[in-house]
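Student: Please take me through this model question by question, giving the cut-off of each term where it first comes up.

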Amino acid sequence: MSLNKERYYHIITMGCQMNEEDSEKLAGMLENMGYVKTADKEKADVIVINTCAVRENPETKTYGNLGQLKALKSKKPSLIIAVGGCMMQQKGVAQLVKEKFPYVDIVFGTFNLHRFPELLNNALQSNSTILEVWDKEGEIVEGLPIRRESDIKAFVTIMHGCNNFCSYCIVPYTRGRERSRKPEAIIEEIKQLASQGYKEITLLGQNVNSYGKDLENMNFAKLLRMVNEIEGIERIRFTTSHPKDLTDDVIDAIKECEKVCEHIHLPIQSGSTRILQKMNRKYTKEQYLQLVEKIKHKIDDVSITTDIIVGFPGETEEDFQETLDVVRKVEYDSAFTFIYSKRPGTPAAEDPDQVPEDVKHERFNRLIEVVNQVGEKRSKRYQDKIVEVLVEGISKTNENKLTGRTRTGKLVHFTGGDLSLKGKLVNVKITQAQMYILLGELVEVIR
């Protein structure tokens, strides 16, 4: 490969916001090495697939992507193909990838992401697959370069790993135990983002409410209040919250910190206490509903979103009806809904009481119907209201409109402004409240 030739990289990302931020770090490391981003796989000199192991669908896509890349590698033998992320941390998967797809040059995991430049340099000088997947998490590595996808909004990881061991979930095995970043490192990162013009940050963790349990005199509520003091940042979001750890001091911090948005993503997973116990979720239906009531009582016009799994092993029609009952009572603004799929290595995968596929799909369709009914009703409350929107740019669906989100996370497309408003907070009057998006007209620029 000529040193004078411009070299290109392409990253395929699957899964959650944690994976998105990992991909931004991979992009930062690659650009530090002189590579340039390209959307064209054929043009790329390095292709990285950042995998997800939470459900079966992303795994199937990963193998599909690897199969498609074989022809590209044959046509361009100098192409480096790297596969990393959560899927590679699963027992036996990295070795399987090496054997089944011998043209893959690098296989790496979540714990050694920071070593990617060294792995790439090794691969450039080797004809065999470089396989390095650590089986245990190490110290948190600070200061990695990062190329962010947006210049308005940024993800900031505050902790890694999870200690909950929900019986369906592979995350504790692929991301390790909970480790909190030092608050000083988090605050410094956000101050730098503010100085670069970023207006909104999303604090990330598998369970943000657990932040600080491994630190002295620190917790998530304190961190929220510290971030709220940073000048230049207009909005603070966070994900994900575990219901068992969402304490009163966090609810109070959301209420009292003017920059923290009135939106809480609160996965219920199932409305049945019996199934929640089988899932090892450590709360009951009643406790969850009491928590929601407390949140709604304290935080005006709060938006609550959720995750729901349909067809968990042993789920009966009665259990499923309990889930529908929770959806109707909570009135979620939206919900991420999933059909249960076995994750090898988790207790639920070994449960003999698996729900038939046709039953799972039929329940899933009924759940979607109720979620949509409730979501549409929630959207209607915005009709003819004036809402605050952080302008993100031109709408992808209509170049004559600008787009952004409300504090509660609703997507808004509106007329009456131009691209000079990008990064500004504006008031928009909603003229048409649809289920997934709000349409409106610019009223005024706030700042």
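**Salt bridges, domains and loops**

Student: With which residue does R115 form a salt bridge?

Tutor: R115 and its partner form a salt bridge (a side-chain nitrogen of Lys or Arg within 4 Å of a carboxyl oxygen of Asp or Glu), and here the closest N and O atoms are 2.5 Å apart. R115 sits in the loop between β5 (106–108) and α4 (116–124) while the partner belongs to strand β6 (residues 130–132), so the pair ties together parts that are 17 residues apart in sequence; helices (H or I, at least four residues) and strands (E, at least two) are DSSP runs numbered from the N terminus. The partner of R115 is E132.

Student: At which pLDDT do side-chain atom pairs count?

Tutor: Residues are numbered from 1 along each chain as its sequence is written, and side-chain values use heavy atoms, with hydrogens and water left out. This is a predicted model in which totals for chains, interfaces and linings use all residues, local features need pLDDT of at least 70, and side-chain atom pairs count only at pLDDT 80 or more.

Student: Are R115 and E132 buried or exposed?

Tutor: The classes rest on relative accessible area with a 1.4 Å probe and protein chains only: under 20% is buried, over 50% is exposed, and partly exposed lies in between. By that scale, both R115 and E132 are buried.

Student: In which helix do K360 and E357 both lie?

Tutor: The salt bridge of K360 with E357 has its closest N and O atoms 2.9 Å apart. K360 is buried, with a relative accessible area of 4%, whereas E357, at 47%, is partly exposed. The two residues are three residues apart, about one turn of the helix, and that helix, residues 357–380, is α12.

Student: Which residues do salt bridges that share partners join into one network?

Tutor: A search of the whole structure finds 41 salt bridges, and one of them, between R366 and E362, brings the closest N and O atoms to 2.8 Å. R366 and E362 also both lie in helix α12, four residues apart, about one turn of the helix. Elsewhere, salt bridges with shared partners make a single network of E24, E142, R148, R181 and E189.

Student: How far apart do the C-alpha centres of domain 1 and domain 2 lie?

Tutor: The chain is divided into domain 1 (7–132), domain 2 (153–381) and domain 3 (385–445), with bounds from an automatic or database domain assignment. The contact, meaning heavy atoms within 4.5 Å, takes 16 residues from domain 1 and 19 residues from domain 2. The C-alpha centres of domain 1 and domain 2 are separated by 29 Å.

Student: Which element gives the largest share of the side of domain 1 that touches domain 2?

Tutor: Two salt bridges are counted between domain 1 and domain 2; R343 forms a salt bridge with E59, the closest N and O atoms being 2.7 Å apart. On the side of domain 1 that touches domain 2, two or more residues each come from α1 (17–32) and α2 (56–75). The largest share, six residues, comes from α1.

Student: Why does S395 count as buried?

Tutor: S395 is placed in the loop between β15 (386–394) and β16 (402–405). Leaving aside residues up to four places away in sequence, S395 touches K401, L402, T403 and H413. S395 counts as buried because its relative accessibility is 4%.
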